[in-house]
Structure formats: C-alpha cells, structure tokens
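Hello,

Here is the structure I promised to pass on to you. Please open it beside this message, so that you can look up each place as you read.

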Amino acid sequence: MGATIAEKILARAAGRERVRAGEEIKARPDFVIAYDFPGYTDVIFRQMKEDFGIDKVIDPERFALFIDHMVPAVTPQEEELHQVTRDWGAEQGVPVYERKGIGHQVAAELGYATPGAFVVHFDGHISQLGTYGALAIGVRRHLLEAFVKERIQIKVPQTTRVDLTGRLRPGVMARDVFHHIVRVLGPSACRFQVLEIGGEALRHISLEGRQTITCLAMFTGAITAIINPDEASLDYALPRARIALDPVSSDPDADYAAVQEIDLSDLEPIVVIPPSPANTRNLSDVAGTEVQVGYLGSCASGRVEDLRMAAEVLRGRQVKPGFQLHVVPTSQEIMRQAAEEGLITDLIASGAFVTSSSCDYCFGRMGVMSAGQRAVSTGTLNVRGRMGSPDSEIFIVNAAAVAASAIEGKIADPRPYL
C-alpha cells in the first residue's frame with residue numbers, strides 16, 4: 001500500500017522511512033510561523049524563559065513572525081505588543097515581517113511554502129500553504145512545544161481525497177468551489193484529517209484560487225489541506241523556497257479514509273448564510289436581501305484574481321450611495337500588482353474604499369457593523385459578532401458577488417455584470 005503526501009512529509013520530518021495514519025510520532029517542523037497576538041506570542045515568549053528556562057530557540061532560521069493584526073496600532077498597548085515581538089525577533093535572530101500583508105499570504109511569497117515542507121502555526125488558515133505541496137498545520141495553543149523543543153508530538157492524520165472535475169462557468173470562483181465542497185461533504189466530514197484536493201479541474205483553477213480552497217480547510221473539520229504539486233505550483237514555489245527539499249506526491253495506491261468526486265460544471269455562485277460557515281445555499285436563494293456593507297479581502301480572498309473580478313463588475317458603475325465597500329488586498333505585493341494593472345484606480349473610481357493589507361477588517365477591529373446591518377463578505381467567518389455587533393449579519397460570497405451587491409445594495413448575482 002502506498003503513502004499519501006501528508007504521510008511522506010511527516011515521515012521525513014520524523015526521520016523515518018514510513019509512517020501510517022494513527023501513529024504517534026515526533027516530527028521536526030521545517031518552519032514555525034506565528035503572528036503576534038495578545039495571549040499567544042507574548043505568552044509563548046514569556047513561558048519559554050519562565051517555565052522552561054530557554055533563552056534561545058533552536059535553529060532560528062526555521063522561525064518567522066508576522067505583524068499583520070492591529071496594523072496600524074490604535075492603542076499604546078497594541079504598539080507595545082508589536083514592540084515586544086520586534087525585540088524578541090531581534091534577540092533571537094528570528095525575522096519579523098511587518099506591514100507586508102497578511103502573514104499566510106506573505107509566507108508563500110517569501111518561500112515558506114516550500115514543497116515537501118512541514119509547517120506549523122497556531123492559526124489554521126496556514127493550511128493555504130498546502131497549495132504548493134507543503135503540509136501546513138494549525139496546532140493552536142500547542143505551538144509552544146515547537147518553540148521549546150526541536151520536535152513536536154503529532155498523530156499522523158488520515159486523509160480524505162476530493163477530486164474536482166469539470167470547469168467553472170463565468171462568475172463562479174474558487175470561493176464557491178470550497179463552499180460547495182462543504183455542502184457535499186458536510187462540515188465535519190474531514191474531522192482531524194488532511195483534506196487532499198486533486199482532479200482534472202485543478203488545471204483550470206489558478207494558484208490564487210487554490211489558495212482560497214486550501215485556506216478554508218478547517219470548515220470541513222480538517223486540520224489542513226494539501227494539493228500534490230504540479231508544474232504551475234512548482235514554478236511559483238521552487239524559486240522562492242527557503243530550504244532544499246524534494247517535492248513529494250501521493251502514491252496512486254495511497255490509503256485514503258474516503259475518496260469523493262465533485263463535478264463543478266453546473267456550479268453557480270454560492271452564499272453562506274449567517275451565523276454558521278456550514279449554512280451553504282445557492283446565491284439565487286437570497287438574491288435581493290438588503291445589505292449595507294461589503295468586505296473584499298482576508299487571507300482567503302483579496303488576491304489579484306479577486307480584485308480583477310470585482311473591478312470588472314464595478315468598472316463604469318458606481319457603488320450605491322450609502323453602501324460601504326471596503327477593499328483590502330491580501331498583501332502589499334498584491335496591492336502593487338493591482339495598482340500596476342489599474343485595478344485600484346477602477347475600484348476607487350467606482351466608490352470603493354481601498355486600504356492597505358491587514359487582518360483587521362476580517363476579525364472585526366476595523367469597519368465594524370452596528371446592530372441590524374448586513375454585510376456581503378469574502379472574510380473567513382460569518383459567526384455572530386465577527387464584524388461588529390452580534391446583532392449584525394454576514395453573508396459570505398465570492399469577490400464578484402461582493403461587487404455586484406455593492407452596486408445594488410442587495411445581495412446580487414454577479415453574472416449579469418460580467
């Protein structure tokens with residue numbers, strides 16, 4: 001019996017020829033990544049010294065810190081947190097990346113998405129590095145172990161394989177693909193497993209779109225998602241790779257917990273109804289629902305492909321008076337490219353408010369809603385209070401639908417505008 005890509009990566013990280021799903025192993029992460037956030041990194045830094053007596057991390061080049069929340073700081077306490085992170089990074093010889101964008105995206109741009117690498121973070125959206133054949137897992141509060149030990153204990157997960165077939169129609173995006181996967185599989189079908197995405201449809205889905213799909217893996221219950229590297233992903237990742245590893249792929253006879261084939265040919269735009277990321281419907285079911293706010297951004301969306309689609313919908317049109325459309329590119333590199341293409345100009349001309357990359361709109365620190373307001377969003381979550389008042393509502397849609405809804409002030413199908 002062959003091995004999955006996840007099993008192969010963990011076997012190398014554990015210094016073994018082979019591991020099997022269900023085994024408890026000790027594996028050495030190739031990269032340990034975090035963003036500074038109160039109660040997480042500041043506590044880890046303190047516990048290293050006070051509880052473990054450790055002054056230096058092992059192999060600081062394996063570590064990376066991002067300042068992408070609370071940017072810019074609006075209180076002295078937030079800036080103090082950032083300075084603690086800067087000081088710790090300088091003391092440890094660990095790079096701290098600040099104001100470059102959302103860390104999960106910037107990590108890929110900077111080469112931490114090395115094909116074949118084992119990556120850990122406390123935030124599960126790091127799973128998007130799986131687009132490039134890296135096994136990137138959110139280990140939550142257990143990230144401390146990776147700071148104080150060279151190897152962490154992990155149970156080798158089972159893998160569920162999803163093969164995508166067919167081809168997306170205009171106006172349907174990778175965001176819709178992921179939410180359709182949730183609709184087909186269910187929100188806990190991959191609980192504590194790896195979600196492996198494959199199938200011939202991937203040839204027609206951009207790397208940006210694949211990052212959207214892998215980023216959201218947690219909403220199937222999975223601990224991460226991964227795609228076997230192909231020419232497109234290797235062309236992007238290998239020139240940036242921070243370490244030399246041989247890319248690996250699942251064997252044809254790998255042992256999967258389940259295999260599911262999903263045809264995308266007839267897929268239409270999807271909406272996720274509040275207050276749960278599992279409430280998936282066709283957008284047409286709620287078209288016409290009044291909305292007051294639009295958010296296009298986050299680590300799941302907000303890449304150049306999303307901005308292009310929104311700009312195509314909005315070009316020559318205007319955001320409805322009174323509607324608040326916030327556009328937040330996922331990284332500064334993406335914003336630069338969008339500016340060079342003229343997309344930023346088009347979005348601003350239509351009435352969108354475009355701002356520099358940060359996580360703050362997604363987790364409700366900026367652009368908050370009051371009671372009774374509704375948003376269309378490409379953010380990661382639609383739970384109560386995510387973007388302000390617990391009595392506001394968030395409808396998750398694709399980037400084109402955010403733009404169409406901004407024009408009408410109602411949830412709108414983007415396809416007539418394309």
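Predicted model: local features only at pLDDT ≥ 70, side-chain atom pairs only at ≥ 80, totals over all residues.

Let's begin with the open sheet. It has 5 strands in the order β4-β3-β2-β5-β6, and their pairing is parallel. The edges are taken by β4 (96–98) and β6 (135–138); each has a single partner strand, so one side of each is left without a neighbour in the sheet. From one strand to the next, the twist averages 20°. Inside this sheet, β2 (residues 31–35) and β5 (residues 118–121) pair in the parallel sense over 2 bridges, and F31 stands opposite V119 in β5. Helix α1 (residues 5–13) lies across β5 and β6, running at about 90° to β5.

Next, have a look at strand β14 (residues 293–296). As a bit of background, side chains in a regular strand alternate between the two faces of the sheet. In β14, V293 and Y295 point one way while G294 and L296 point the other way, and all are buried. β14 has a parallel pairing with β15 (residues 324–327) over 4 bridges, where V293 stands opposite Q324. To get from β14 to β15, the chain crosses through helix α9 (residues 304–314), and this β-α-β crossover is right-handed. β14 also pairs in the parallel sense with β17 (residues 374–377), over 3 bridges; there the bridge partner of G294 is V376.

Now for the rings. How many aromatic pairs does the structure hold? There are 13 aromatic pairs. One of them joins Y295 and Y361: the ring centres are 6.2 Å apart and the planes are at 15°, so the pair is stacked. This pair links distant parts of the chain, as Y295 is in β14 and Y361 is in the loop between β16 (353–354) and β17, 66 residues apart. Are these two buried or exposed? Y295 is buried, with a relative accessible area of 1%, and Y361 counts as buried at 8%.

Two further spots with rings deserve a click. Y35, F37, Y40, F122 and F363 form one aromatic cluster. Elsewhere, R240 lies over the face of Y236, at 3.7 Å from the ring centre.

Finally, find T85 in helix α3 (residues 76–92). T85 counts as buried because its relative accessibility is 1%, where the cut-off is under 20%. Leaving out residues up to four places away in sequence, T85 touches D36, F45, L65, I67 and V96.

Enjoy exploring!

How values were computed: Residues numbered from 1 in each chain as written. Heavy atoms only, no water. Buried < 20%, exposed > 50% of the residue type's maximum accessible area, 1.4 Å probe, protein only. Contact = heavy atoms within 4.5 Å. Pairing = 2+ DSSP bridges. Right-handed = clockwise from strand over helix to strand, strands pointing away. Axes fitted to C-alpha atoms, helices over the stretch in contact; angles between N-to-C directions. Phe/Tyr/Trp six-rings, centres within 6.5 Å; stacked < 30°, edge-to-face > 60°. Lys NZ or Arg CZ within 6 Å of the ring centre and 35° of its normal.
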